[in-house]
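Dear colleague,

Here is the structure I said I would pass on. My notes on it follow below.

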Amino acid sequence: MSPDTTRWRSSSTYDYVDHLTAPDVGWEWLRRNDDYQHDFERLHRAQRQSPDLIERASAKWGLRFRCRAKPQRH
């Protein structure tokens, strides 16, 4: 997943950051992490998400997955 860098210098692109909570800011940075993206892709592509696979991702990233991982864009 390559980020869209065409508007990175536009301050209006990041106005929403002023209104984020601490967990929201954490998510904004986490989702840009290459290692996290790799692990997410592995979870997403798994035919069956075993409890062991989910537990390892949860322990590594400090996240809890309530349902099958799926890509999401806004």
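Helices (H or I, at least four residues) and strands (E, at least two) are taken as DSSP runs and numbered from the N terminus. By that rule the chain has 3 helices and 0 strands, and along the sequence the pattern reads α-α-α.

This is a predicted model, in which local features need pLDDT of at least 70 and side-chain atom pairs count only at pLDDT 80 or more, while totals for chains, interfaces and linings use all residues. Residues are numbered from 1 along each chain as its sequence is written, and side-chain values use heavy atoms, with hydrogens and water left out.

Overall figures: of the 74 residues in the chain, 19% are buried (buried is under 20% relative accessible area, exposed over 50%, partly exposed in between, with a 1.4 Å probe and protein chains only). The chain has an accessible surface of about 6,700 Å², and carbon and sulfur atoms account for 51% of that (Shrake-Rupley method, 1.4 Å probe; for residues, only the protein chains shown count as cover). Of the contacts (heavy atoms within 4.5 Å) between residues at least 6 apart in sequence, 35% join residues at least 24 apart.

Helix packing: the axes of α2 and α3 come within 11 Å of each other and cross at roughly 165 degrees (axes are lines fitted to C-alpha atoms, for helices over the stretch in contact, with angles from 0 to 180 degrees between N-to-C directions). The two helices, α2 and α3, are therefore roughly antiparallel (over 145 degrees; under 35 is roughly parallel, 65 to 115 roughly perpendicular and the rest oblique). On the α2 side the contact is made by Asp35, Tyr36, Asp39, Arg42 and Leu43, and on the α3 side by Leu53, Ile54, Arg56, Ala57, Lys60 and Trp61.

Aromatic rings: the whole structure holds 3 aromatic pairs (rings of Phe, Tyr and Trp, the last by its six-membered ring, with centres within 6.5 Å; planes under 30 degrees apart are stacked, over 60 edge-to-face, the rest tilted). Trp27 and Tyr36 have ring centres 5.8 Å apart and planes at 90 degrees, so this pair is edge-to-face. Trp27 is partly exposed at 40% relative accessible area, whereas Tyr36 is buried at 7%. Tyr36 also forms an edge-to-face pair with Trp61, at 5.4 Å centre to centre and 90 degrees between the planes. Because Tyr36 sits in α2 (residues 34-45) and Trp61 in α3 (residues 51-61), that pair ties together parts 25 residues apart in sequence. Trp27, Tyr36, Phe40 and Trp61 make up one aromatic cluster.

Last, Leu20 lies in the segment before α1 (22-30). Leu20 is partly exposed, with a relative accessible area of 24%, and touches Val25 and Glu28, leaving aside residues up to four places away in sequence.

Regards
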